[in-house]
Amino acid sequence: MSSTENNTIKASSRVTWEGCSVVLDIDTKNGHRLDFARLTPAASLSHDHKNYSLKPLIGCPFGTVFQLDTSSDHAPFLSPFQPKGNNVNNIEEIKDDRESRDNRSLIDNNTAQTLTAEDIQHMRRQGAKGDDIVEAVIANSATFHKKTSFSQEKYIDKKQKKHAPRVLMRRPVARSICEAYIKKNLLKIGFLRVDTLSLLLSMANVSSNSDVLVVDMVGGLLTGAVAERLGGTGFVCNSYLGQTPHAMDIVNLFNLSDEIRKRIVRSSISDLLSPKESPQQNSKQDVGSVESQSIDQMSVSVSMEEASRLPENRISDLGAENTTFPVLKAHKAIKAGEKASQEILNSWKENGFSSLIIAALDLDTWTVVRDLLPLLSNSAPFAIYHQYLQPLATCMHNLQLEKLAIGLQITEPWLREYQVLPSRTHPHMKMSAFGGYILSGTKICSS
């Protein structure tokens, strides 16, 4: 099996492997904490001034829950969590509980708990695990058995988060990565919410074999989400103004296979808008340049300059006329975002892109849309995200005046998260109330 096929199998596997990225959902006493990690034998998770090795996570299925704990020799470690049977949510028990108990007589005066902080520290020094401490705290509570089943469950959950926090290992996909950045760094992804991201992909009709033009100034989240949905078909072209491409380091968190990575290319907007080059012009280019090769050839080709740096025995294996090396054992993962070849650029200039998605908060929306809309094929959809309404309203007005698009509409995404539990279903008290705005439409022939 080739290394490329092996990489593809790993990317679609339900089990983690060494070197893959994961999203760690840590349930702490201060709420959920989401961290990114790359699984290596030397990687570790820092929590509560302790470092926990992530080596036990290698080879485990995505979705496995681990518990942060310490052994008898005080070395922090991660162990798979085994849930115990719990009948707290049993309907009959809940009905009896309502009739027999309530919390009106309970007084929170800090005297119900007889286990002191010194006792808990002593248990930790003796090597007690988090579950043992939680059980001891419950056993030494004078009011625990007087509480309702709902209150008991909340009490156990609170103590568990404090003394035995758990970690959920999630697969890094568009949704989990977006949720993590919402908690970690909203500014980097331009305040782009999960429902807004899904609407952008849907309104732009991102589907198999599409050629999607994106202006991604949200760290590469949009580029990675489009490439993930394409699944190794079509192309996603990350365009930019000037000579410096926008950062897209978030793409590296997606665990994309080489087949998908080579479908992610970059191109400056000036190159996309320049006239199509003729075959005579292409023949004048340097023979050793890899820019004249197709995207598929770029993944397995070596330029003459690169071949000159190889050892002599490997150069002789390549041959004078054939510079491909698919049979070499040494394989380096294809870097996402290589420069688009002139051949594929000419194809896009002739046939147009299938759709356009823009998330550029620092650029003038109308200017970018006016320049890029001619690159779309007729009847191609587009979707533009912005944190504020006014830039999209101005762009929509100009599109109507220029008669460049139809079906124009501005959408304000709205998402509400609910807690769904027996007899206590209600909206979450803390949630994002703002998800930006999306301008969508369909490009028409202006002639």
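This is a predicted model: local features need pLDDT of at least 70, side-chain atom pairs count only at pLDDT 80 or more; totals for chains, interfaces and linings use all residues.
The protein chain has 447 residues, of which 43% count as buried. The chain contains 17 helices and 17 strands. Among its contacts between residues at least 6 apart in sequence, 70% join residues at least 24 apart.

Eight strands form an open sheet with mixed pairing, and their order is 11-10-9-8-12-13-17-14. The edges are taken by strand 11 (338-339) and strand 14 (405-411), each of which has a single partner strand, so one side of each lacks a neighbour in the sheet. Strands of a sheet pair through backbone hydrogen bonds, in either a parallel or an antiparallel manner. Strand 11 runs parallel to strand 10 (residues 264-268), and two bridges join them. Within this pairing, valine 265 has glutamate 338 in strand 11 as its bridge partner.

Strand 8 and strand 9 also run parallel and are joined by four bridges. Aspartate 211 stands opposite phenylalanine 235, a residue of strand 9. Strand 8 is mostly covered, with six of its six residues buried. The covering applies to both faces of strand 8: on one side Asp211, Leu213 and Val215 are buried, and on the other Val212, Val214 and Asp216 are buried.

Helix 15 (residues 342-351) lies across strand 8, strand 9 and strand 10, and runs at about 90 degrees to strand 9.

Helix 8 also packs against another helix. Two packed helices are described by the angle between their axes and the distance between those axes. For helix 6 (residues 174-184) and helix 8 (residues 221-230), the angle is about 165 degrees and the axes are 10 Å apart. Since angles over 145 degrees count as roughly antiparallel, helix 6 and helix 8 are therefore roughly antiparallel to each other. Their crossing is left-handed. On the helix 6 side, Ala174, Ile177 and Cys178 take part in the contact, and they meet Leu221, Ala225 and Glu228 of helix 8. By class, this contact has five nonpolar residues, no polar residues and one charged residue.

Lysine 159 is found in helix 5 (residues 149-163). With a relative accessible area of 17%, lysine 159 is buried, because buried means under 20%. Apart from its neighbours within four places in sequence, lysine 159 is in contact with Val134, Val137 and Ala164.

Phenylalanine 191 has a phi of about 60 degrees and is placed in the loop between helix 6 and helix 7 (194-203). The relative accessibility of phenylalanine 191 is 29%, and it counts as partly exposed. Asparagine 205 has a phi of about 55 degrees and lies in the loop between helix 7 and strand 8. Asparagine 205 is partly exposed as well, with a relative accessible area of 48%.

Note on methods
Residues are numbered from 1 along each chain as its sequence is written. Side-chain values use heavy atoms; hydrogens and water are left out. Axes are lines fitted to C-alpha atoms, for helices over the stretch in contact, and angles run from 0 to 180 degrees between N-to-C directions. Angles under 35 degrees count as roughly parallel, over 145 as roughly antiparallel, 65 to 115 as roughly perpendicular and the rest as oblique. A crossing is left-handed if the near helix is turned anticlockwise from the far one by less than a right angle, and right-handed if clockwise. Contact means heavy atoms within 4.5 Å. Ala, Val, Leu, Ile, Met, Phe, Trp, Tyr, Cys and Pro count as nonpolar, Asp, Glu, Lys and Arg as charged, and the others, Gly among them, as polar. Two strands pair if DSSP finds at least two bridges between them. Buried means under 20% relative accessible area, exposed over 50%, partly exposed in between (1.4 Å probe, protein chains only).
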